[in-house]
Amino acid sequence: LKATIVLEHIIQAADVSHTMQHWNVYKKWNGRLFEEMYEAYRAGRSDKDPAEGWYFGELWFFDNYVIPLAQKLDQCRVFGVSSDECLVYATENRKEWATKGRAIVKEFVQRIKDKKRAPTYACFTEAEIAAFTPGELEGVLKYLIERGRKMKTFEAWDVAGQRSAMRAWLDALE
């Protein structure tokens, strides 16, 4: 029975592991989740703007789910000498979110708005493409072609797709 409970805790922790890691990891994945929820709101798939409750929601989540789960993982000693790390990171991230979270939510919203204004090509913004060296551009192009072939979206017989990709890259190079 104890092994089952420990496995259940590990599975729960895997789902929210970003909250129990270094602050930068937490902030990165929290931002990505926020963006996903914000895009769902803007697309009409959600009735609530996540920006309105994100700050307090994260505090509640830490207090009522993450930190209690990290305490259970620590008590189980399932990670040996590192068992307390999840709890330490969770409590540190909660403290940092309490002081910086409001401003970070505003950053998240602004980043989404900025991203919407900037045209993108194959997931890169114009600014990123402009900063690439010719060698980097060639490497990215080779990667995208290979990825397209693996996904069966870039076949030799698909001349229209090749021309479209070529135009996008030529536009990016200008």
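## The cavity

How many cavities of 30 Å³ or more does the count come to? The count comes to 1 cavity, where a cavity is a set of points on a 1 Å grid over the protein atoms alone at which a 1.4 Å probe fits but cannot get out. This is a predicted model, in which local features need pLDDT of at least 70 and side-chain atom pairs count only at pLDDT 80 or more, while totals for chains, interfaces and linings use all residues. Residues are numbered from 1 along each chain as its sequence is written, and side-chain values use heavy atoms, with hydrogens and water left out.

The largest cavity holds about 40 Å³ of space, a volume being the space filled by probe spheres set on the grid points, which are joined across faces, edges and corners. Its lining is made by Gly31, Glu35, Phe108, Arg111 and Ile112, lining residues being those with an atom within 4 Å of a point. Helix H2 (23–42) and helix H4 (83–117) each give two or more residues to this lining, and H4 gives the most, with 3 residues. Helices here are DSSP runs of H or I with at least four residues, numbered from the N terminus.

## Salt bridges

Side chains of opposite charge can pair when their charged atoms come close. The count here is 3 salt bridges, each defined as a side-chain nitrogen of Lys or Arg within 4 Å of a carboxyl oxygen of Asp or Glu. One of them joins Lys27 and Glu107, with the closest N and O atoms 3.5 Å apart. Lys27 lies in helix H2 and Glu107 in helix H4, so this pair ties together parts that are 80 residues apart in sequence.

Another joins Asp63 to Arg94, with 2.8 Å between the closest N and O atoms. Here the pair links helix H3 (residues 54–76), which holds Asp63, to helix H4, which holds Arg94, 31 residues apart. Glu96 and Lys100 form a salt bridge too, their closest N and O atoms being 2.6 Å apart. Both of these residues lie in helix H4, 4 residues apart, about one turn of the helix.

## A buried histidine

Let's finish with His18, found in the loop between helix H1 (2–15) and H2. His18 counts as buried because its relative accessibility is 15%, and buried means under 20% relative accessible area with a 1.4 Å probe and protein chains only. Leaving aside residues up to four places away in sequence, His18 touches Val25, Tyr26, Trp29, Asn30 and Asn93, a contact meaning heavy atoms within 4.5 Å.

Methods:
1 Å grid on protein atoms, 1.4 Å probe; cavity = no way out; pocket = protein on both sides within 12 Å on 5 of 7 lines; lining within 4 Å. Buried < 20%, exposed > 50% of the residue type's maximum accessible area, 1.4 Å probe, protein only.
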